[in-house]
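Here is a short briefing on the model shown below. It takes the metal site, then a helix pair, then some backbone details.

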Amino acid sequence: MPPERYSRILTPFSKALRKPKVDRSMAVTLKTPDEIEKMRLAGRFASEVLDFIAPYVKPGVTTGKLNDLCHAYMINEQGTVPAPLNYAPPGYKPFPKSICTSVNHQVCHGIPGERVLKPSDVLNIDVTVIKDGFHGDSSRMYYVGEPSIQARRLCDVTYECMWIGIARVRPGTRLGDIGAAIQAHAEKHGYSIVREFCGHGIGRKFHEDPQVLHYGKPGTGLQLEEGMTFTVEPMINAGKPAIRELSDGWTIVTKDHSLSAQWEHTVLVTHDGYDVLTRSAGAPPPPPVIS
Ligand code: MF3
Ligand code: CO
Ligand code: CO
């Protein structure tokens, strides 16, 4: 099956998987030092939105309110542009809000709205900003009240999965090495990896090549080079890997209604390793499994 454009592969964008009339494949861009500085700035701003919103994630707040707060912060305080707003990959209607909020069994691309958060909810907030033409993309899990033991464990293991993937990043690593490392860690804990969505190159475009799968075989796939920038953003389910799309055309949920978690960073391949671009004062440190 041909990979879909957008970060996103395979079925959810199956609307867009009608045989492409044009070859939309693009080369992986290597960022110049000047572009990397802009990516750093965009990355920090994305992470700072996630810092900013944390104290508002409380029982009784709506996801729409979280959206409005983030939107205002981006526009008025940062002078950034929320990339999701009106974003419309092939086959999709424009995304109507400025952030994604995905609650409990929602996997990704949840649309903020009237939903009132309650204690025991866990949610992913995914922020992508544009600053000076470049994108920064990051997401975190938030606990609304006290999470269940199962929810906390899933969020923790998913965080480790993201970092285990990131820690592989250096020139010469293959994308399959990253995917395999993430997959092994998730499956070791009895969890499953969502296959239909993946990390993505990022820069002037929100979603560029390459596609960064969160599963795979070691020693396969594209070899990393200094100057590449891409996201690592595993979506991990407590139950089965299958997903479906809601009738809103965006929200992805687990088919079996099991809990799902996701974390995301934007990373740069440096001459001897990686640099996480979506860092800020409030970003949690790497997990013990890394250091
Ligand atoms: N931020 C998501 C990602 O990590 C993409 C969201 S697309 C949107 O790639 F339109 F839903 F915002
Ligand atoms: Co992303
Ligand atoms: Co994102």
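The cobalt ion (ligand 3) and the cobalt ion (ligand 2) lie 3.3 Å apart, and D137 coordinates both. This is a predicted model. The points below start with each ion in turn.

**Cobalt ion (ligand 3)**
- The ligands to this ion come from D126 (OD), D126 (OD), D137 (OD) and E264 (OE), at 2.0 to 2.4 Å.
- The 6 donor atoms around the cobalt ion (ligand 3) subtend angles of 58 to 165°, so the arrangement is irregular.
- Six donors count as octahedral only if opposite donors are over 155 degrees apart and all others between 65 and 115.
- Along the sequence, the donor residues of the cobalt ion (ligand 3) follow the spacing D-x10-D-x126-E.

**Cobalt ion (ligand 2)**
- D137 (OD), H200 (NE2), E233 (OE) and E264 (OE) coordinate the cobalt ion (ligand 2), at 2.0 to 2.2 Å.
- The site of the cobalt ion (ligand 2) is irregular too, with angles of 52 to 161° among its 6 donor atoms.
- The donor residues of the cobalt ion (ligand 2) are spaced D-x62-H-x32-E-x30-E in sequence.
- The pair links distant parts of the chain, since D137 and E264 are 127 residues apart.
- D137 sits in strand β5 (residues 134–143). E264 sits in the loop between β13 (260–262) and β14 (265–269).
- Are D137 and E264 buried or exposed? D137 is buried, and E264 is buried as well.

**Helix pair α3 and α4**
- Two packed helices are described by the angle between their axes and the distance between the axes.
- Helix α3 covers residues 149–167, and helix α4 covers residues 175–188.
- The two helices pack at an angle of about 155°, with their axes 8 Å apart.
- α3 and α4 are therefore roughly antiparallel to each other, as angles over 145 degrees count as roughly antiparallel.
- The crossing of α3 and α4 is right-handed.
- Which residues make the contact? On the α3 side they are V157, E160, C161, I164 and G165. On the α4 side they are I178, A181, I182, H185 and A186.

**Backbone details**
- Most residues other than glycine have a negative phi, and most peptide bonds are trans.
- The peptide bond between D209 and P210 is cis, with omega about 0°.
- P210 belongs to strand β8 (residues 208–212).
- N86 is not a glycine, yet its phi is positive, near 70°.
- N86 lies in the loop between β1 (81–82) and β2 (100–103).
- N86 counts as exposed because its relative accessibility is 52%, and exposed means over 50%.
- D132 also is not a glycine, and its phi is positive at about 50°.
- D132 is found in the loop between β4 (122–131) and β5.
- Is D132 buried or exposed? D132 is exposed, with a relative accessible area of 52%.

Methods:
Residues are numbered from 1 along each chain as its sequence is written. Chains are lettered from A and ligands numbered from 1 in the order in which they are written. This is a predicted model: local features need pLDDT of at least 70, side-chain atom pairs count only at pLDDT 80 or more; totals for chains, interfaces and linings use all residues. Side-chain values use heavy atoms; hydrogens and water are left out. Donors are N, O and S atoms within 2.8 Å of the metal (3.2 Å for Na, K and Ca); water is not among the atoms, so sites may look incomplete. Four donors count as tetrahedral if all angles lie between 85 and 135 degrees; four count as square planar and six as octahedral if opposite donors are over 155 degrees apart and all others between 65 and 115; anything else is irregular. Helices (H or I, at least four residues) and strands (E, at least two) are DSSP runs, numbered from the N terminus. Buried means under 20% relative accessible area, exposed over 50%, partly exposed in between (1.4 Å probe, protein chains only). Axes are lines fitted to C-alpha atoms, for helices over the stretch in contact, and angles run from 0 to 180 degrees between N-to-C directions. Angles under 35 degrees count as roughly parallel, over 145 as roughly antiparallel, 65 to 115 as roughly perpendicular and the rest as oblique. A crossing is left-handed if the near helix is turned anticlockwise from the far one by less than a right angle, and right-handed if clockwise. Contact means heavy atoms within 4.5 Å.
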